[in-house]
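These are my notebook entries from a first look at a structure that was new to me. I wrote down what I looked up, in the order in which I looked.

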Amino acid sequence: KASQKPMFVDAYTTWCGPCKKMAKEVFTQETIGSYFNNTFINYQMDMEKGEGVDFAKLYEVNAFPTLLYFDSEGKLAFKAIGAKDENGLLSQAKLALNPEYQLATYKKEYEEGGKTTSDLTRYVNKLREGGTYVTAAQVVTDYINAMPEKERITADVWKLISGYIYDYKSNVFEFVLKNLKKYNAVADKDQV
């Protein structure tokens, strides 16, 4: 906090092959070390040991490696899943520092922009890119639940439901079952 630097966290497991490859071949590169040490407070955390277990739950870390970037206040700014090579990691880190690509920006656009389907889609796609599936599904569920029932039966809403709702116990899923014929009429019947 005193340094006012953002933080980078490499969320890994000991059995993850791509994690090992990044640790051996990417993080050891001089350009990576120089850039990351000058720009971030860096931390590697095993998601299956100690505080890593709770950290993984808190930040929905379900794939490895997951690379998390926090702002200087400790708020999650950017999250990505999957290994990167040297150039890919440098590009990603620069994107993570750009407010235009940060989670808070997408969330703010959605919440302050009238909660349009377009803003919602951008926001939940950003969440999904980082493997934050539970939060993405909850945001979509809240969005759909706030709509009048007659406005829920459109092709656009069906795309949201089919893309983000996986819980068969969800009230949105129940709504689809009750209105199956209506969804068949507005969307691809085979998909419905």
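This is a predicted model: local features need pLDDT of at least 70, side-chain atom pairs count only at pLDDT 80 or more; totals for chains, interfaces and linings use all residues.

The side chain of Lys-49 meets that of Asp-46 in a salt bridge, with 3.9 Å from N to O.

I turned to Met-47, which lies in the loop between strand E2 (41–46) and helix H3 (51–58). Is Met-47 buried or exposed? I noted a relative accessible area of 5%, so Met-47 is buried, the limit being under 20%. Leaving aside neighbours within four places in sequence, I listed the contacts of Met-47, among them Ala-11, Tyr-12, Thr-13, Phe-55 and Phe-64. Val-61 is also in contact with Met-47, and although the two are 14 residues apart in sequence, their C-alpha atoms are 8.0 Å apart in space.

Entry three, the other salt bridges. How many salt bridges does the structure hold? I recorded three. Glu-109 forms one with Arg-122, the closest N and O atoms being 2.8 Å apart. This pair links distant parts of the chain, with Glu-109 in helix H5 (residues 103–112) and Arg-122 in helix H6, 13 residues apart. I found Glu-109 partly exposed at 32% relative accessibility, and Arg-122 partly exposed as well, with a relative accessible area of 37%.

In another salt bridge the side chains of Lys-126 and Glu-129 meet, at 3.7 Å from N to O. Both residues lie in helix H6, three residues apart, which is about one turn of the helix. An α-helix has 3.6 residues a turn, so residues three or four places apart point the same way. I noted that Lys-126 counts as buried at 9% relative accessibility, whereas Glu-129 is partly exposed, with a relative accessible area of 49%.

In helix H8 (residues 155–164) I looked for buried residues and found Val-157, Trp-158, Leu-160, Ile-161, Gly-163 and Tyr-164. What covers them includes helix H6 (117–129), helix H7 (133–145), helix H9 (171–178) and helix H10 (180–186).

Conventions: Residues are numbered from 1 along each chain as its sequence is written. Side-chain values use heavy atoms; hydrogens and water are left out. Helices (H or I, at least four residues) and strands (E, at least two) are DSSP runs, numbered from the N terminus. Buried means under 20% relative accessible area, exposed over 50%, partly exposed in between (1.4 Å probe, protein chains only). Contact means heavy atoms within 4.5 Å. A salt bridge is a side-chain nitrogen of Lys or Arg within 4 Å of a carboxyl oxygen of Asp or Glu.
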